[in-house]
Amino acid sequence: MASSYGTDADKSSLRSNYLRVRRTIPARLRISSDDAIRSTLRSFGVFADAPVVLTYVSLGAEVDTRVLIEDLLEEGRRVAVPLVDRVERSMIFREIFSLGELAPGTMGILEPAPDAPRLTVPEMVRSACLVPGLVFDGSGHRVGYGGGYYDRFLAFYPGNKIGLARVTQLSSNPLPVGEHDVPMDFLVSEGSVWGCHPNL
């Protein structure tokens with residue numbers, strides 16, 4: 001794994017550094033990396049067997065999920081994406097049937113309509129949730145964008161938590177961990193899947 005900026009770096013510094021690194025990656029390299037990540041993910045049994053896929057809708061230089069969403073929907077797989085409630089500081093995953101249903105919401109991220117079908121907890125059992133992040137470590141801990149939305153959702157999520165990361169987003173050093181941070185179960189990168197065993 002690539003080196004992090006050190007365990008003494010706070011999350012704000014890590015966010016700034018990894019955002020800057022991500023912006024410097026040429027678009028062509030991002031596309032090829034994301035193609036490789038998608039291929040690795042599709043061949044991963046936990047993901048392939050999931051009855052429902054919960055996923056973020058990629059924005060900007062994030063690991064792309066839009067092609068994956070389109071492919072899954074074309075195959076008849078069930079897909080749900082988050083709808084953010086900024087007042088409650090929470091998010092709810094709602095099922096979609098095409099990307100055309102989505103509209104710009106919080107921070108310009110594409111979101112489902114408020115009346116789209118809401119996933120129930122039983123439907124999430126054995127599901128796979130694809131989680132964004134700026135950097136991940138070997139224990140599955142992540143530094144995200146600072147809102148805490150995913151950690152609040154994942155604290156009660158009964159399925160498999162999968163972080164998507166290019167190799168430039170993998171840290172060989174432990175990341176700072178907060179009281180409410182929820183680690184991933186697996187990390188998927190270009191050509192590799194890691195099972196995470198957090199040191200809690």
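The model is predicted, so local features require pLDDT of at least 70 and side-chain atom pairs pLDDT 80 or more, while totals for chains, interfaces and linings use all residues. Residues are numbered from 1 along each chain as its sequence is written, and side-chain values use heavy atoms, without hydrogens and water.

The chain contains six helices and twelve strands, taken as DSSP runs (H or I of at least four residues for helices, E of at least two for strands). Its radius of gyration, 16 Å, is close to the 16 Å given by the globule rule for 200 residues, so the chain is as compact as a globular protein of that length; the radius is taken over C-alpha atoms, and the rule is 2.2 Å times the number of residues to the power 0.38. The C-alpha trace spans about 45 × 35 × 30 Å along its principal axes.

Of the 200 residues, 48% are buried, meaning under 20% relative accessible area with a 1.4 Å probe, protein chains only. In soluble globular proteins, nonpolar side chains tend to be buried together. Here the largest nonpolar core has 45 residues, and Phe47, Leu54 and Ile162 have the most contacts inside it. Such a core is a set of buried Ala, Val, Leu, Ile, Met, Phe, Trp, Tyr and Cys residues joined through side-chain atoms within 4.5 Å. Leaving aside neighbours within four places in sequence, Phe47 is in contact (heavy atoms within 4.5 Å) with residues including Leu41, Leu72, Leu130 and Ile162. A second, separate core of six residues includes Leu14, Tyr18, Val135 and Val143.

Definitions and conventions:
Buried < 20%, exposed > 50% of the residue type's maximum accessible area, 1.4 Å probe, protein only.
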